Amino acid sequence: MTIDLESWIHSDEMLWFTSPKDREGRKLKDNGHIVQSTNDILYLLDLYKAKATFFVVAEIYDWYPSLVQEIEARGHEIAFHTYDHPLPIKDNAELDNQIKISKKFLSRFKPKGFRAPLLNAKISFFPTLKKHFLYDSSLYHYQSFEMYGVKEIPVSTI
């Protein structure tokens, strides 16, 4: 099971409402919603003794570090879902910047996996992904495959 850990503030409907540069304002607008929602999900995962991979928007770690640490402490995998969820990632320069500004998150958790917002990973991203991750889960496909040395684990299979 995989979960994209992103706030409602990261949705495409809210892009007009927020600015990536206004990080404190974005946290204020989230108003702790992501903490409550995640705790509800963790409760259900514990109840059913299930494990998940959480593709985390690193900005959430900056907002609520103990939340992401709790996910890890409960034995779930922490993976990377960009810093502030750009919709979509335009090019490799933007992907590189998302990785650069996520240094604190990436250093702390050393995630093996990546998932692009909107599941929109371009083939041109894979050489960059290879430098940082072992696998990507941004594509729909009927089977796993390898591209530029990065294992693609599809979001769903037939």
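Mentor: Start with Glu 72, which is partly exposed, at 32% relative accessible area. That falls between the 20% limit for buried and the 50% limit for exposed. Keep in mind that this is a predicted model. The partner of Glu 72 is Arg 108; the two form a salt bridge with their closest N and O atoms 2.9 Å apart. Glu 72 sits in helix α4 and Arg 108 in helix α6 (residues 103–109), so the pair ties together parts that are 36 residues apart in sequence. Arg 108 also counts as partly exposed, at 35% relative accessibility.

Now compare another pair. Arg 26 and Glu 59 meet side chain to side chain in a salt bridge, 2.9 Å from N to O. Arg 26 belongs to helix α1 and Glu 59 to helix α3, so this bridge links parts 33 residues apart in sequence. Here both residues are buried. The count of salt bridges comes to seven. One of them joins Lys 90 and Glu 94, with the closest N and O atoms 3.7 Å apart. Lys 90 is exposed at 59% relative accessible area, whereas Glu 94 counts as buried at 17%. Elsewhere, salt bridges that share partners connect Asp 46, Glu 70 and Arg 74 in one network.

Next, helix α2. It has 15 residues and reaches 21 Å from first C-alpha to last, close to the 21 Å expected at 1.5 Å a residue. Its buried residues are Ile 34, Thr 38, Leu 42 and Leu 45. Seen down the helix axis, they fall within an arc of 65 degrees, so they line one face of α2. The elements that cover them include α1 (23–30), α3 (58–63) and α4 (65–73), along with strands β1 (2–5) and β2 (53–56).

Other residues here show at the surface. Tyr 43, Leu 44, Leu 47 and Tyr 48 make up a nonpolar surface patch, with about 480 Å² of accessible area together. Of these, Leu 47 lies in α2 (residues 33–47). Leu 47 counts as partly exposed, at 45% relative accessibility. Just after α2, Lys 49 has a positive phi of about 50 degrees. Most residues other than glycine have a negative phi, and most peptide bonds are trans.

Follow the chain to the loop between β2 and α3, where Val 57 is found. Val 57 is buried, at 0% relative accessible area. Beyond four places in sequence, its contacts are Leu 5, Glu 6, His 10, His 81, Thr 82, Tyr 83, Asp 84 and His 85.

Take Thr 82 from that list. It lies in the loop between β3 and α5. Thr 82 too counts as buried, at 0% relative accessibility. Its phi is positive, about 75 degrees, although it is not a glycine. Pro 88 lies in the loop between β3 (77–80) and α5 (92–100). The peptide bond joining Leu 87 to Pro 88 is cis, with omega about -20 degrees.

One more positive phi deserves a look. Tyr 148, also not a glycine, has a phi of about 55 degrees. It is found in the loop between β6 (145–147) and β7 (150–152).

Methods:
Residues numbered from 1 in each chain as written. Predicted model: local features only at pLDDT ≥ 70, side-chain atom pairs only at ≥ 80, totals over all residues. Heavy atoms only, no water. Patch = residues over 30% accessible without salt bridge, like charges linked within 9 Å, V, L, I, M, F, W, Y side chains within 5 Å. Areas by Shrake-Rupley, 256 points an atom, 1.4 Å probe, with all protein chains shown as cover. Salt bridge = Lys/Arg side-chain N within 4 Å of Asp/Glu carboxyl O. Helix = DSSP H or I, 4+ residues; strand = E, 2+ residues; numbered from the N terminus. Buried < 20%, exposed > 50% of the residue type's maximum accessible area, 1.4 Å probe, protein only. Expected span 1.5 Å × (residues − 1). Arc of directions from axis to C-beta. Contact = heavy atoms within 4.5 Å.
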